[in-house]
Amino acid sequence: MKKCIKNVLFPLLCVLALLTFSACSAEPTPYEKNDGEGYTVSVKFDANGGTFTTNSSVIVDSYNPAELKTNGEGMAEIALLSPDNPIRGNDAFNVSRPGYFLAGWYAVRTETSAGEYIYGEKWDFDTDLVKVDPSAAHSSASPVLTLYAAWIPRFEIQFCDKTSGELLGELDFDPTTETINAPAWSTETGTLEMYKFPARSGYTFTAAYYDDAFTKAVDTEAVAHPGVIDYATGTATDTVLKLYVEYTEGEWYRIYTAEQLTDNANLNGHYEICADLDFADEIWPTVFMYGNFSGEIKGNGHTIKNVTFTQTNNSKANAGLFGQLTEKASITDLTFENVTFTIQSGTRVAGTNYGLLAGTVSKDAVLNGVKILGSALQIDSSCYFGVDDYSIGLVCGMGDGEVIPDAEISCTVVGEDPDRITLTVEGNTVTLTFAD
């Protein structure tokens, strides 16, 4: 095939200019060169508003009738190559038009009264053949066939806020090559993959609807766009889809592993625990240990276990599993088991609050269905307490230690000289007495 095709790669205006120029110049046009070499049969591809990678609006393939196979009726048959066919190698010509996608190549183009085009006779490059009489007079400047690119506006999705109706974003896509996935939770990362849906800072996607009555939810992996392509005419209908998107306040995560909780630790985060989390080989998030947690954890009856962490940072006023549970914090239906919190050797304690759950639990923090089982608060005998303005509690240093009734927390002195400190535990409060 390569031996009997020649490409003429000039935009139509350039071709006309060359033909005009040839009238006053001895230099032959590309078409005249083809005709002189016997490549008299040509097929034109009209980008029809688009552009080829050569910046041309038209390409022309020319053929030598003498090199073509003939059928039983003596007609030469040409199996065309689409412009982007990789068989062309470096001569492959992709075509594009901003804001549109290609429906195909058509032998018939008709303009409507509205100034739009409809098409007919879609070309099938696998089966269709061009048939020409090899004995007839042909000129490559007069194509035996012109194929027109049929362009359809890229399908559009408009994302509207379910509550306010505000337009949140628009998305154009080619439905022949692209699929728009609905947001989905990743069990690998614990995060919500938004794909091409608009994200909202401080909020989490919960649902999307096809109708403004919110009765038809997007409940499949991919969005079902109503647009329909009519390949017989190279046109499409219902190319615009409006989706109504619902969000809930807070940046939520669905946590399946200890690593996911560590990776997504955020003092304002909202977490739904979806499995028991084992921290035997994972470090408890430092941001939780010292920070002011104002988020939410829904435990769903699961357990966080085998957590070991140590207080060594002298600049932090609060420390525990959480530095402080603020008045906005909420933890529900969650068990902490086999948690060990050590106030480490060398720690200077002044104006600080320590507790296994939190250094401070604010009055309005929500703790419902929270349990602490088989856990330990350890105080190293080498700690330095230079003043008396500190609070140590089993559950919390500052706040109501009874927010978790029947918490199983032991308190012991560890280190090289355990007799240096005498512990007294009364309810939640831990009192230290130091030997002279």
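Predicted model: local features only at pLDDT ≥ 70, side-chain atom pairs only at ≥ 80, totals over all residues.
How many bridges join E28 to strand E32, and in which sense do the two run?

1. Strand E28 and its two partners. Two bridges join E28 to strand E32, which covers residues 396-398, and the pair runs parallel. E28 is also joined to strand E25, residues 322-325, by three bridges, and this pair is parallel as well.

2. Threonine 360. This residue belongs to strand E28, which spans residues 358-361. Threonine 360 has a relative accessible area of 12%, and because buried means under 20%, it counts as buried. Its side chain makes a polar contact with the side chain of asparagine 318, at 2.6 Å. Beyond its neighbours within four places in sequence, threonine 360 is in contact with Asn318, Gly323, Gln324, Leu325, Asn353 and Met398.

3. Leucine 325. Strand E25 contains leucine 325. With a relative accessibility of 0%, leucine 325 is buried. Residues up to four places away in sequence aside, leucine 325 touches Phe293, Ile331, Leu357, Ala358, Thr360, Val361, Ser362, Ala365 and Leu367. Leucine 325 and lysine 363 are 38 residues apart in sequence, while their C-alpha atoms are 9.2 Å apart in space.

4. The nonpolar cores. Which residues have the most contacts inside the largest nonpolar core? They are Trp284, Phe322, Leu325, Phe336 and Leu357, in a core of 52 residues. Strand E26, residues 330-343, gives the most to this core, with six residues. Another core lies apart from it and has 26 residues, including Ile152, Ala182, Met194 and Val218.

5. Tryptophan 284. Without counting residues up to four places away in sequence, tryptophan 284 touches Leu261, Phe279, Met289, Ile304, Val307, Leu321, Phe322 and Phe336. Of these, Phe322 and Phe336 are also listed with Trp284 among the residues that have the most contacts inside the largest core.

6. Rolling a probe the size of a water molecule over the atoms shows where empty space is left. Here the count comes to one cavity of 30 Å³ or more. The largest cavity holds about 30 Å³ of space. Its lining is made by Leu261, Tyr271, Ile273, Trp284, Phe288, Ile297, Ile304 and Phe322. Two or more lining residues come from each of strand E20 (269-273) and strand E23 (296-311). Tryptophan 284 is one of the lining residues, and tryptophan 284 also touches Leu261, Ile304 and Phe322.

7. The five-strand sheet. An open sheet has the strand order E24-E27-E31-E35-E34, with mixed pairing. Why is one side of strand E24 and of strand E34 left without a neighbour in the sheet? Strand E24 (318-319) and strand E34 (421-426) stand at the edges and each has a single partner strand, so one side of each has no neighbour there. Further in, strand E27 (residues 353-355) pairs with strand E31 (residues 391-393) in the parallel sense, over three bridges. Within that pairing, asparagine 353 stands opposite serine 391 in E31.

Notes:
Residues numbered from 1 in each chain as written. Heavy atoms only, no water. Helix = DSSP H or I, 4+ residues; strand = E, 2+ residues; numbered from the N terminus. Buried < 20%, exposed > 50% of the residue type's maximum accessible area, 1.4 Å probe, protein only. Polar contact = N/O pair within 3.5 Å; in protein donor to acceptor, adjacent residues only side chain to side chain. Contact = heavy atoms within 4.5 Å. Core = buried A, V, L, I, M, F, W, Y, C linked by side-chain atoms within 4.5 Å. Pairing = 2+ DSSP bridges. 1 Å grid on protein atoms, 1.4 Å probe; cavity = no way out; pocket = protein on both sides within 12 Å on 5 of 7 lines; lining within 4 Å. Points joined across faces, edges and corners; volume = space filled by probe spheres on them.
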